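Let's walk through a protein model together, one question at a time. Keep the viewer open and follow along.

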Amino acid sequence: MSADRDQHLLVFAPIGRDGPASAELLRNARIDAQVCTSLAELVSELNAGVGAVVVAEEGFFAQDTGPLTKWVERQPAWSDLPFIVLTSHREQPAVVAWRRNLLRALRNVSLLERPIRPITLTSAVQSAMRARRRQYEIRALIQAREQAAQELERLVVERTRALAESNEHLRIEMAERARVEETLRQAQKIEAIGRLTGGVAHDFNNLLMVISGGLDMLDRQADPERRRRLMDGMIQAAQRGASLTRQLLAFSRRQELTPEPVDIARQIGGMRELLDRSLRGDVHVQFDFPDTLWPVEVDPGELELVVLNLAVNARDAMPSGGTIMVRAENLSNWKDDEIAGDYVRLSVIDTGTGMTDEVRLRVFEPFFTTKDVGKGSGLGLAQVYGFVKQSRGTVSIESELGRGTTIALYLPRSAHAASRHQQHLVDLHRPRPRHGDEGRVLLVEDDEEVAALVSEMLRQLGFEVTRAASAAAALGALADGRAVDLVFSDVMMPGGMNGVELAREIQRRRGDMPILLTSGYSGAAVHAAREAGVRILPKPYRIDELAAAIDAAKAEGEWSRARSS
């Protein structure tokens with residue numbers, strides 16, 4: 001296998017123009033892509049060295065895939081060649097069964113449903129090539145280790161029996177090195193999946209914005225025509241979301257947390273109504289919180305989402321009903337391999353079916369699930385893991401088949417007392433009265449469905465709305481002298497200028513103009529917005545959260561200055 005071909009991409013799409021078009025697109029992205037016109041040519045090129053393979057599934061119809069399957073099976077231990085399969089909307093039982101067998105045979109597969117945006121295909125290929133590059137790095141480490149082992153064996157033969165103890169010590173070090181390499185490989189694999197997801201997270205949150213915001217607005221709108229428009233938008237968003245989720249093969253949640261001192265007993269205890277609505281009638285929840293429980297330093301809203309997530313998982317593990325115990329206890333001077341200090345252990349315990357050791361070791365992997373298709377995304381426990389790690393804690397799981405599961409969150413003790421007022425998830429449903437003439441808002445949003453919904457929300461709050469589809473259009477509207485009291489802009493937009501850059505330009509031109517930003521994927525945007533001194537509202541948001549963000553802008557003094565000018 002040639003090292004020059006380690007980053008060589010093969011494209012197999014013999015029907016139509018998908019093959020040449022995909023190869024040309026990828027070459028423009030500086031990816032060395034080669035089109036294969038037959039299965040035999042594809043297998044031959046695989047033997048010469050390859051970084052990743054892009055195939056159209058229809059190219060395998062009525063073909064003998066045996067040589068390709070044997071090549072995949074004969075890969076060395078370090079190799080797991082990534083395949084990117086371009087699939088279609090065909091959902092006939094026979095096609096679904098054939099597709100399932102194909103995925104099982106190819107092993108390391110990413111599915112992209114056509115039509116595919118160029119950036120999605122390019123991002124998927126680049127992520128696959130990065131993952132393959134790590135495999136070649138591991139190959140080099142294995143070869144180096146094998147050479148070192150051979151040299152070590154030669155020395156052992158030559159040396160006397162007095163060196164046996166030193167030889168055993170070297171063997172232990174080699175075993176530890178192999179364990180660390182395996183841990184690193186798994187971490188890098190999850191990181192690569194996270195980068196792939198980031199490219200579509202913004203669009204996915206736009207869909208959630210239309211659905212959640214539309215539902216929030218539906219019972220506030222009496223006009224049948226407007227209700228119909230809201231319903232149509234939500235239906236279209238749901239259909240687009242179903243298609244998008246099939247393309248997500250990994251998950252990386254980059255949520256900006258706001259930790260604060262939290263009283264677990266009061267915060268989780270206040271979820272009783274929400275948990276009762278989310279669980280079946282034959283599933284009961286019990287709380288066990290001692291009076292001396294310490295406050296913890298976490299984001300209270302994210303903590304509630306994690307507990308709700310774990311409770312729903314426990315419910316699904318108890319098909320015949322049962323009891324979920326939510327228990328907390330103080331751990332003074334706790335120490336293990338990952339954390340040390342004062343922690344509170346928050347456990348969610350069920351009496352369900354339990355899980356095997358194999359499943360238990362994989363439950364925190366993104367998109368790993370044992371549920372039926374359509375019953376779970378496999379992202380829930382990955383989200384729990386990410387939240388706890390981001391909160392400077394850790395998580396453990398104990399489970400036994402037929403005897404239930406215990407998931408324990410180790411959360412850091414807070415040095416400060418918890419606030420007496422703590423908001424719960426159920427508080428988000430409180431109504432907000434409509435104001436009168438609140439002012440004029442310039443809404444900058446490129447997505448038509450999101451723009452229509454947000455415009456309706458702003459009007460419901462009493463604002464006059466002018467919409468611009470790009471940063472350039474927004475600057476043009478401000479240059480025309482149009483009366484604007486607040487600019488509300490998305491962060492990610494086409495046209496070469498994003499929302500943060502737009503905010504900086506507005507600040508340069510009109511330093512007294514209040515600005516509010518929003519984003520569905522704001523990991524880097526949060527930091528940039530803070531540097532620019534601009535507030536950011538994460539998507540999806542409800543009408544009350546939008547109103548609160550505008551109120552915050554008023555409190556900072558920028559709004560009143562704009563109104564008086």
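Q: The charged end of which arginine sits over the ring of tryptophan 294?

A: This is a predicted model, where local features need pLDDT of at least 70, side-chain atom pairs count only at pLDDT 80 or more, and totals for chains, interfaces and linings use all residues. Residues are numbered from 1 along each chain as its sequence is written, and side-chain values use heavy atoms, with hydrogens and water left out. A charge sits over a ring if NZ of Lys or CZ of Arg is within 6 Å of the ring centre and within 35 degrees of the ring normal. Here the charged end lies 3.9 Å from the ring centre of tryptophan 294, and it belongs to arginine 413.

Q: What kind of aromatic pair do tryptophan 78 and tyrosine 136 form?

A: Rings of Phe, Tyr and Trp (its six-membered ring) pair if their centres lie within 6.5 Å; planes under 30 degrees apart count as stacked, over 60 as edge-to-face and the rest as tilted. These two rings are 5.5 Å apart centre to centre, with 45° between the planes, so the pair is tilted.

Q: How many residues apart in sequence are the parts that this pair ties together?

A: Helices (H or I, at least four residues) and strands (E, at least two) are DSSP runs, numbered from the N terminus. Tryptophan 78 lies in the loop between α3 and β4, while tyrosine 136 is in helix α5 (residues 118-158). The parts tied together are therefore separated in sequence by 58 residues.

Q: Is tyrosine 136 buried or exposed?

A: Buried means under 20% relative accessible area, exposed over 50%, and partly exposed in between (1.4 Å probe, protein chains only). Tyrosine 136 has a relative accessible area of 6%, so the label is buried.

Q: Tryptophan 334 pairs with tyrosine 410; what is the angle between the planes?

A: Tryptophan 334 lies in strand β9 and tyrosine 410 in strand β12. Tryptophan 334 counts as partly exposed at 26%, whereas tyrosine 410 is buried at 7%. Their pair is stacked, 5.5 Å centre to centre, and the angle between the planes is 25°.
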